[in-house]
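This report is an introduction for a reader new to the structure. Please look over the sequence and the model before reading on.

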Amino acid sequence: MAATKTAAPWNEVAKPTVIDEKQDSAERLDFYNSNAAVYDSDMKVYGYGGPGVVAETTHDLFKERLDSRILDVGSGTGLIAEKLLALGQYTNLEGLEPSEGMNKIAEEKKLYTNIMQRFLFLDCGLEHNTYDGVVTCGTFVAGHMKSEVLVEICNILKPGGYFIMAMRDEYLEIVEEYKLHLRSTINSLVKEGKWRTVRDEVFSNWVLHENNQGVDGHLFVFQKC
């Protein structure tokens, strides 16, 4: 018997238009807490390929340095970490996730040395020049992460460290925040000599629609100078 999705409206929580950001943020956090138990099974049915792309890209960069300190931003139930640990015995993975419900699932899996239950934002207090790598997947969604967070991610990376990020490709155009500010923030960091672009490319099968048509994702990789 084929697996079926639960009633959790994951597409609705990731809708590209936000009317009241503060209210929507609180509602989304409640939503993630309430539906954390079905997240993994639902993402399998959706054919969510982003975490695997991020994990494989990360492993290509760090496979000779499995003790690298890597922060998973918006770590959720630990999908990136699971994929990464299947590729290598990484010993220093940390998570950052505001949803208590998601964190409980991740903690049960024993993937991370530490999980910070908090949001990431500009000047959020994390120590600068700390991480060898930062990874994220599916967090650049309307009302979730602002483009300016890239500045903070650059700050917390060590010189030479990598940021690996995957998002739904169409959000670069249909989400106003990213259409107006994401690439300009990236370009500013490059122009200021703070990081360099390693990869900036579209990949197929971010998720699958009901008709099994794949939705494109977008992969970015940056290295701090």
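## An aromatic cluster

Phe163, Trp195, Phe220 and Phe222 are joined into a cluster by ring pairs. The model is a predicted one. Across the whole structure, a search finds nine aromatic pairs.

## Two of the ring pairs

A pair of aromatic rings is described by the distance of the centres and the angle of the planes. For tyrosine 48 and tryptophan 206, the ring centres are 5.3 Å apart and the planes stand at 80 degrees, so this pair is edge-to-face. Tyrosine 48 is in the loop between α2 (21-46) and α3, while tryptophan 206 is in strand β6 (residues 195-208), so the pair ties together parts 158 residues apart in sequence. Tyrosine 48 is buried, with a relative accessible area of 16%, and tryptophan 206 is buried at 6%.

Tryptophan 195 and phenylalanine 222 form a stacked pair, with 4.2 Å from centre to centre and 5 degrees between the planes. This pair links strand β6, which holds tryptophan 195, to strand β7 (residues 214-224), which holds phenylalanine 222; the two residues are 27 residues apart. Both tryptophan 195 and phenylalanine 222 are buried.

## A buried threonine

Threonine 58 belongs to helix α3 (residues 50-62). Its relative accessible area is 0%, and because the limit for buried is under 20%, threonine 58 counts as buried. Leaving aside residues up to four places away in sequence, threonine 58 touches Ile70, Leu84, Tyr90, Val135 and Ile164.

## The protein as a whole

The protein has eight helices and seven strands. Of its 225 residues, 48% count as buried. Among contacts between residues at least 6 apart in sequence, 71% join residues at least 24 apart.

Technical notes: Residues numbered from 1 in each chain as written. Predicted model: local features only at pLDDT ≥ 70, side-chain atom pairs only at ≥ 80, totals over all residues. Heavy atoms only, no water. Helix = DSSP H or I, 4+ residues; strand = E, 2+ residues; numbered from the N terminus. Buried < 20%, exposed > 50% of the residue type's maximum accessible area, 1.4 Å probe, protein only. Contact = heavy atoms within 4.5 Å. Phe/Tyr/Trp six-rings, centres within 6.5 Å; stacked < 30°, edge-to-face > 60°.
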